[in-house]
Amino acid sequence: MAAQIDGVFESGLQQKIKESKVLVVGAGGIGCEILKNLVLTGFQDIEIIDLDTIDVSNLNRQFLFHKEHVGKSKANVARESALTFNPNANIKAYHDSITTNNYGVNFFQRFSIVLNALDNRAARSHVNRLCLTADVPLIESGTAGYNGQVELIKRGLTTCYECFPQPAQKTFPGCTIRNTPSEPIHCIVWAKHLFNQLFGESAEDEDVSPDTADPEAGAEVGQAALEKEANEKGNVDRVNTRTWAKECQYDAEKIFNKLFFDDIKYLLTMSNLWKNRNPPKPAKWDTVQENANEEEDATGDSVARDQKVLSMVQSAKLFADSIKALELALGKLPDGDHLVWDKDDKDAMDFVAACANIRAQIFDIPRKSRFEIKSMAGNIIPAIATTNAITAGIVVMRAFRVLQQEYEKCKTVYVRLRVNPQNQFIVPDRTIIPPNPKCYVCAAKPEVVLKLDTKKLTVRELRDDILIKTLNMISPDVMLDGANSIVISSEEGETDCNNAKTLEEMKIVDGCILKVDDFLQNYELSITVLHKDPGREEAPFEIVADADSLKPKEAEEESTPSAGSSSAPGAADDAPQPSTSKGINGSANGKKIAQIQDSDDDLCIVEDEEQENVEGRPSTSKPSTSKAS
C-alpha cells in the first residue's frame with residue numbers, strides 16, 4: 001500500500017495507524033467509503049458491523065456492492081470488497097445489530113476509536129452511550145443530500161450526541177390519522193399502520209378503524225357505537241384485523257369495501273366532525289371497477305411508474321396486486337411471525353402507496369406519486385455519493401488527529417452545497433463545544449423531569465413509548481425510589497403483571513422519583529415525575545432535560561442576563577454554542593443548522609435561511625424539552 005511507504009505519513013502517525021484497532025458501525029453509503037479509506041491509508045485491524053442486507057437501490061452510491069451482491073449481508077460483502085484493495089488487512093465483519101447484548105462496554109473497550117455511519121437515531125444514541133462509558137473516542141458522521149457533518153464525541157471534552165436532545169420525530173394525534181386526515185402524510189401514516197395491522201407487528205396505538213373516542217365527535221358517538229356493536233349479552237366482540245382478513249382469505253374487494261366504504265360511511269355519522277370540514281366521499285370496489293377498462297395499467301416496473309400519480313382505478317389494482325403478494329409472503333413465515341415494513345420492499349411499498357392515495361382521494365387530499373410517498377414514508381433525503389465520499393474522507397482525517405491525541409484540532413466540520421463568504425464549502429466550527437453539564441446522558445448525575453398524566457399512562461407505555469422509543473434505552477429496569485418496588489424489570493415476564501396498570505396504581509404520582517438502569521448501555525437515569533392533564537392536541541408526555549426550565553416565570557425574569565452581559569442576544573452569536581446551534585459559531589456563517597429525521601445516512605444538515613426549517617437537534621444552546629405523542 002502506498003500509504004505504508006515511509007514518508008507518506010510522519011513516522012509517529014504511520015505507526016499509530018498500524019497499531020490501532022478501529023470499529024466501523026454501519027456499512028451503508030458512508031460506511032463503505034470509510035472502510036475503503038481506512039484500508040487504503042494503511043489501517044490493519046478493522047471490524048465492521050451492520051444488520052442490513054444489500055438492496056438494488058443501494059448500488060448507485062455504495063460502491064463496494066454490485067448487482068450480484070443483492071440480498072447479501074452488507075458487512076460481509078463490504079469486507080470482501082475492501083480486502084481486494086489490501087489483502088493483508090485484518091477485517092472482521094458482523095452481520096448483526098450493534099444494539100444487541102453481544103456488544104457491550106467490554107466490546108467497545110477493545111478499540112482505539114469508533115467511527116459511526118448509522119442511519120437511525122436510536123442506534124446512534126446507543127453507540128454514543130457505550131463509547132462514553134468505555135471512554136473510547138467516537139467520530140459521528142452523516143449526510144443529507146449535498147450537506148454533511150463530522151463531529152468528535154469524547155467524554156469530558158466535547159458535547160455528546162444527546163447533550164442537546166433532538167425534538168421527537170413528528171407524530172400526529174390518533175384521531176387525526178383515523179378520522180380527519182387533512183394532509184398526504186396523514187394518509188401515508190394510516191397506510192403504514194394498516195400494513196402492520198394486516199401483515200406486520202400490530203400495535204394498540206396503530207388502529208386504523210374510526211376512532212369513536214375522538215372528543216370532537218362527541219361522547220354520544222362512542223356510546224352509540226358500543227350499543228350498535230353489542231351482542232345479545234350486551235358485550236362487544238372485537239375481531240382482530242388480521243384475523244378478519246384471514247377469515248375472508250385476504251379478499252381485496254372485501255378489504256377495500258371495509259376500509260374505504262363501510263368505515264368512511266361510519267365516519268360520516270359523526271356529524272360533529274364535518275361541521276367545518278369537507279366530508280369524505282366513500283369509495284366502493286364495484287363502482288371503481290366500472291372504469292377499470294378505460295384506464296391504462298400503471299403497475300408495471302419502470303421509473304416512469306414511480307413518478308406518476310396513480311388514479312383511483314390504478315391505485316385499486318395496485319392495492320389488490322400488493323395484497324395478494326403480501327399474503328403469499330406472510331404465508332411462507334412460521335405461525336406467529338410477521339412481515340416488517342420496508343420502503344425498499346416493492347410489495348410493501350406498493351401497498352402503502354395504493355392505500356395512501358385511495359384514502360387521499362376519499363378525503364379530497366392531493367395524491368402523490370409512488371416516489372413521493374416512498375420519500376415521506378421512509379423519511380428519505382436523497383443520498384449523494386459525492387457527499388458521502390467527502391464526509392468519509394473527513395472522518396478518516398479526523399481519525400488521524402484522534403490517534404495523535406490532537407483533540408483540539410478535531411472541531412466539528414460541515415460540508416455544504418454552496419461556499420460561504422470565506423469561499424469555503426467544507427466549514428469547520430470555531431471552537432470545540434464542551435459537554436452540556438445538564439445532559440441527561442453524559443452529566444455526572446443524569447436526570448430528567450417527566451410530565452405526564454399519572455392517572456392514564458400505563459407502565460407498558462412508560463417502558464415502550466418513553467424509555468425505549470423516546471429516551472432510546474434498550475433494556476430498562478425501573479424502581480420507585482423510596483419504596484424499593486420494582487416497576488419494570490428487564491427479565492422477561494418478571495413484571496408483566498404491571499404492564500396494564502396506570503402509574504397511579506403503581507403509587508407513582510406527582511413528585512415521585514424513578515431510578516432507571518439499562519445494563520446493556522451501562523446507563524443510569526433519575527426521572528422526576530410531574531403530573532399534568534394533557535389537552536386533546538397535546539402530547540401525552542413531555543420530557544424536560546433541564547429542571548431549571550421549570551422555574552416560575554418571575555424567577556426566570558430575575559435571572560435573565562442584562563443586555564450588557566455575555567449572554568445577550570448580540571453576544572451569543574460569537575460565544576461558544578453547540579455545533580448544531582443557530583448563529584455564527586454554530587454554523588460558521590450565521591446560517592441555520594438543523595438536524596433532519598433519519599434518512600439513508602443523515603445526521604445534520606446546514607441549510608440556507610430561505611429553506612424550510614426541519615426537525616432535529618435544537619437550534620439553540622438553551623435548555624430544551626423533548627415531546628412525543
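Q: Where in this predicted model is the place of C175?
A: C175 sits in helix 6. The model is a predicted one. The UniProt annotation "active site", from an unreviewed entry, covers C175.

Q: Why is C175 called buried?
A: Its relative accessible area is 8%. Buried means under 20%, so C175, at 8%, counts as buried.

Q: What makes the contact of R124 and E140 a salt bridge?
A: The side chains of R124 and E140 come to 3.2 Å, N to O. The cut-off is within 4 Å, between a side-chain nitrogen of Lys or Arg and a carboxyl oxygen of Asp or Glu. The value of 3.2 Å meets that cut-off, so the pair is a salt bridge. The pair links distant parts of the chain, with R124 in helix 5 (residues 121–134) and E140 in strand 5 (residues 138–144), 16 residues apart.

Q: How do you know whether R124 and E140 are buried or exposed?
A: R124 has a relative accessible area of 0%, and E140 is also at 0%. Buried means under 20%, so R124 and E140 count as buried.

Q: What makes the pair of E162 and R129 a salt bridge, and which parts does the pair tie together?
A: The N to O distance between their side chains is 2.7 Å. With a cut-off of within 4 Å, the pair therefore counts as a salt bridge. E162 lies in the loop between strand 6 (147–153) and helix 6 (174–178), and R129 lies in helix 5, so the bridge ties together parts that are 33 residues apart in sequence. Both E162 and R129 are buried.

Q: How many salt bridges does the structure hold?
A: The structure holds 22 salt bridges.

Q: Why is helix 5 described as largely enclosed by the rest of the structure?
A: Twelve of its 14 residues are buried, so helix 5 is largely enclosed. Among the buried residues are R121, H126, L130 and A134.

Q: What span does helix 5 reach, and what span is expected?
A: From its first C-alpha to its last, helix 5 reaches 20 Å, close to the 20 Å expected at 1.5 Å a residue.

Q: Which residues does UniProt list for "binding site", and how do you know that they cluster in space?
A: The unreviewed entry lists C160, C163, C439 and C442. They are spread over 283 residues of sequence, yet the largest C-alpha distance is 8.5 Å.

Q: Where are C160 and C439 found, and why are they called buried?
A: C160 is in the loop between strand 6 and helix 6, and C439 is in the loop between strand 8 (426–428) and strand 9 (447–452). C160 has a relative accessible area of 1%, and C439 has 1%. Buried means under 20%, so C160 and C439 count as buried.

Q: What lines the largest cavity?
A: Twelve residues line the largest cavity, and L152, T158, T412, I432 and I433 lie nearest its centre. By class, the lining has four nonpolar, five polar and three charged residues. About 80 Å³ of space lies in this cavity.

Definitions and conventions: Residues are numbered from 1 along each chain as its sequence is written. This is a predicted model: local features need pLDDT of at least 70, side-chain atom pairs count only at pLDDT 80 or more; totals for chains, interfaces and linings use all residues. Side-chain values use heavy atoms; hydrogens and water are left out. Helices (H or I, at least four residues) and strands (E, at least two) are DSSP runs, numbered from the N terminus. Buried means under 20% relative accessible area, exposed over 50%, partly exposed in between (1.4 Å probe, protein chains only). UniProt positions are given in the numbering used here, feature names are shortened, and annotations may be inferred rather than shown by experiment. On a 1 Å grid over the protein atoms alone, a cavity is a set of points where a 1.4 Å probe fits but cannot get out, and a pocket is an open set with protein on both sides within 12 Å along at least five of seven lines; lining residues have an atom within 4 Å of a point. Grid points are joined across faces, edges and corners, and a volume is the space filled by probe spheres set on the points. Ala, Val, Leu, Ile, Met, Phe, Trp, Tyr, Cys and Pro count as nonpolar, Asp, Glu, Lys and Arg as charged, and the others, Gly among them, as polar. The expected span of a helix is 1.5 Å times one less than its number of residues.
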